[in-house]
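Hi there,

Here is the structure I promised to pass on.

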Amino acid sequence: YDEATVEKRACVEAIEKVRGLDHYATHAMRGNLGKILLDAGRYEEAEQLILGAYEGLSRAYSPSHPEATSRAEDLVALYRKMGRHDDAAKWAALAAG
């Protein structure tokens with residue numbers, strides 16, 4: 001995961017420079033990095049990135065857009081792994097629409 005994290009961080013930095021901090025592609029890329037961190041067990045970092053991605057994608061599209069709901073599903077998985085079941089339930093409801 002370390003190599004993937006380094007490579008994805010470089011992608012995030014590049015897209016931030018090209019597209020800007022609040023572009024939908026930047027949010028999507030941050031969400032992808034958050035997913036890698038989630039899979040690596042780095043939950044606090046993952047939460048910040050995935051939550052930010054969800055918020056940005058919800059603004060860019062809508063909370064019900066597949067890109068946003070995918071990040072909500074990532075948050076469900078994250079919160080379940082962290083034992084935060086109330087948060088997982090909240091995000092599961094949002095992901096379901």
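Below is what turned up, starting with how to read the model.

This is a predicted model, so local features need pLDDT of at least 70 and side-chain atom pairs count only at pLDDT 80 or more, while totals for chains, interfaces and linings use all residues. Residues are numbered from 1 along each chain as its sequence is written, and side-chain values use heavy atoms, leaving out hydrogens and water.

Let's begin with helix 3 (residues 43-60) and helix 4 (residues 66-82). Helices here are DSSP runs of H or I, at least four residues, numbered from the N terminus. Their axes, which are lines fitted to C-alpha atoms over the stretch in contact, with angles from 0 to 180 degrees between N-to-C directions, come within 9 Å and cross at roughly 155°. That makes helix 3 roughly antiparallel to helix 4 (the label is for angles over 145 degrees).

Now for Ala68, which sits in helix 4. Is Ala68 buried or exposed? It's buried, with a relative accessible area of 0% (buried means under 20%, exposed over 50%, partly exposed in between, with a 1.4 Å probe and protein chains only). Leaving aside residues up to four places away in sequence, Ala68 touches Tyr54, Leu57, Ser58, Ser62 and Pro63 (contact means heavy atoms within 4.5 Å).

Tyr54 is buried too, and so is Trp91.

Cheers

Technical notes: Helix = DSSP H or I, 4+ residues; strand = E, 2+ residues; numbered from the N terminus. Parallel < 35°, antiparallel > 145°, perpendicular 65-115°, else oblique.
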